[in-house]
Amino acid sequence: MKSLRKSVNWIMLSIFIFATIIALIPLFGVLGYVVEHGFRALSLDFFLNLPKAMGLSGGGMANAIVGTLIMVLIASLIGIPIGILAAIYLTEYDRHSWLSVGVRFATDVLTGIPSIIVGIVIYTAVVLKMGNFSALAGGLALAIIMIPLIIRSTEEMLKLVSHSIREAGYALGISKGKTILRIILPTAAKGIITGAMLAVARVAGETAPLLFTALGNQYWARSLNEPMASLPVQIFQYATSPYKEWHQQAWAGSLVLISLVIILNLSARFAFRSRSN
Amino acid sequence: MGQSLSVRDLEAWYGSNKTLKGITMEIELNHVTAIIGPSGCGKSTFVRCINRMHETMPGTKVKGEIILEGVSIYDRDPVALRKMVGMVFQKPNPFPSMSIYDNVIAGVKLNGMTNKQKLQAIAEKSLRMAALWDEVKDRLNYSGMSLSGGQQQRLCIARALAVEPSVLLMDEPASALDPIATMHIEELVRQLKVNYTILIVTHNMQQAARIADSTAFFLNGELVEHGPTSDIFTNPHDKRTEDYISGRFG
């Protein structure tokens with residue numbers, strides 16, 4: 001009996017380990033492939049120069065790197081405050097009304113919507129109305145993808161703050177607004193910031209919504225009302241071109257983009273861990 | 001001095017469930033009044049009505065009158081009322097994001113006091129009253145959560161006292177604590193009644209007998225008997241009180 005149990009145990013364990021390895025192969029495969037190809041094409045020029053015409057060497061993606069940072073910043077400036085404020089309303093002021101249930105349902109749907117659809121909507125609603133592709137439209141599209149993510153993560157974090165903490169605030173004669181602002185938000189701050197950073201990391205790599213909104217640009221954009229380059233779109237355009245040099249650049253861009261996302265992810269996860277006690 | 005707190009025909013509901021069925025009770029100033037009774041008898045709801053905390057839960061309803069210092073509490077702003085009626089909860093609930101010091105002064109600071117020296121004085125005074133000063137004076141910047149359970153509860157008492165209420169509601173303040181921490185809290189209650197009117201909900205009849213001047217026995221949302229603690233425990237008028245304190249039910 002005992003040996004049967006042990007061998008069943010051993011077989012199951014082997015299956016689990018095998019499945020884990022299978023799951024990890026593509027993950028590390030993709031990472032390794034990008035690092036290998038990207039590293040070879042990476043140079044200082046890549047960070048400093050604009051793209052150069054086909055055939056000239058030394059071109060870079062400086063405008064795309066900055067473009068991605070700018071549009072992610074625009075998206076964060078719009079998406080983070082709206083997302084956090086909406087989540088505060090949903091958890092602290094109106095947990096059970098039809099409005100909250102509706103908003104919660106909508107955020108769930110919006111989280112699952114393919115990002116290209118957000119791009120098309122902004123294309124129709126903003127780009128066509130304004131008459132041109134622009135960084136603002138790109139940032140707006142990214143913000144719309146961010147908002148439901150931030151609402152949901154903030155809501156979860158606020159729910160983790162025990163009701164007894166809220167009551168302790170009220171019982172001291174502290175108004176509800178101040179209790180939320182000075183007691184509940186600081187208590188949930190680490191989780192809220194982590195959620196926001198993960199949402200930022202998520203949109204930094206979005207390609208489809210930017211194709212329809214910010215379009216792309218081989219030069220520096222002079223204002224936010226012009227088409228703007230971004231890493232994902234630049235990678236897409238270079239990788240689908242027939243030129244070998246551009247393929248190299250696309251690899252380098254991929255590595256930079258992945259690094260950006262990983263850094264954001266890791267800092268979100270570890271930044272607050274050391275101070276948590 | 002007469003009665004500082006009187007309750008008339010107080011009824012309270014959680015949804016359709018009526019938890020208080022018309023309580024009329026006079027609570028004496030600078031007295032410790034213990035509220036005893038079996039689980040679900042409405043004793044927690046009763047104290048939560050006095051600082052209008054009961055109404056903050058969705059689906060609740062209150063009827064009746066509570067007069068504090070000559071004014072109906074329903075004519076006062078609930079936020080202002082809670083500065084006069086402090087509350088200590090069953091489980092210690094220090095603010096996790098704040099240090100020991102910030103916890104104590106949270107009530108006064110968030111209500112607008114900015115004078116550092118005054119805040120420091122209030123913190124020390126409140127911690128001394130809560131008999132916690134000597135234990136924490138060297139680590140006021142530590143998180144409130146770094147304290148033991150009993151210390152956390154005394155921190156919560158200090159936090160409530162810092163606002164300088166005239167009434168202190170305590171909802172089973174020692175039920176989550178060990179016997180030594182319980183002893184500290186009881187000692188504290190005895191000292192505090194010099195300056196405060198204290199209502200303490202307790203499951204523990206020995207505790208009521210030890211610290212309360214008068215005791216009220218609640219059963220199924222009704223006040224069965226209220227009188228001097230010695231009378232309630234040695235010479236109860238009502239058969240139900242006698243059954244409860246002699247351990248026949250509850």
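These legends describe close-up views of a predicted model.

**View 1. The two domains of chain A.** Contact between them involves six residues of domain 1 and seven residues of domain 2 of chain A. On the domain 1 side that touches domain 2 of chain A, four residues are nonpolar, two are polar and none is charged.

**View 2. Helix H1 against helix H11 in chain A.** Helix H1 of chain A covers residues 2–41, and helix H11 of chain A covers residues 244–270. Their axes come within 7 Å and cross at roughly 115°. The crossing of H1(A) past H11(A) is left-handed.

**View 3. Residues where H1(A) meets H11(A).** H1(A) brings Val34(A), Val35(A), His37(A), Gly38(A), Phe39(A) and Ala41(A). Facing them, H11(A) brings Gln248(A), Gln249(A), Trp251(A), Ala252(A), Ser254(A), Leu255(A) and Ile258(A). By class, this contact of H1(A) with H11(A) holds eight nonpolar and five polar residues, with no charged ones.

**View 4. The contact of chain A with chain B.** Chain A puts 16 residues into this contact, and chain B puts in 23. On the chain A side, two elements each give two or more residues: helix H7 (163–171) and helix H8 (176–204) of chain A. H7(A) gives the most, with six residues. The side of chain A that touches chain B comprises eight nonpolar, five polar and three charged residues.

Key. Residues numbered from 1 in each chain as written. Chains lettered and ligands numbered in written order. Predicted model: local features only at pLDDT ≥ 70, side-chain atom pairs only at ≥ 80, totals over all residues. Nonpolar A, V, L, I, M, F, W, Y, C, P; charged D, E, K, R; others polar. Helix = DSSP H or I, 4+ residues; strand = E, 2+ residues; numbered from the N terminus. Axes fitted to C-alpha atoms, helices over the stretch in contact; angles between N-to-C directions. Left-handed = near helix turned anticlockwise from the far one by under 90°.
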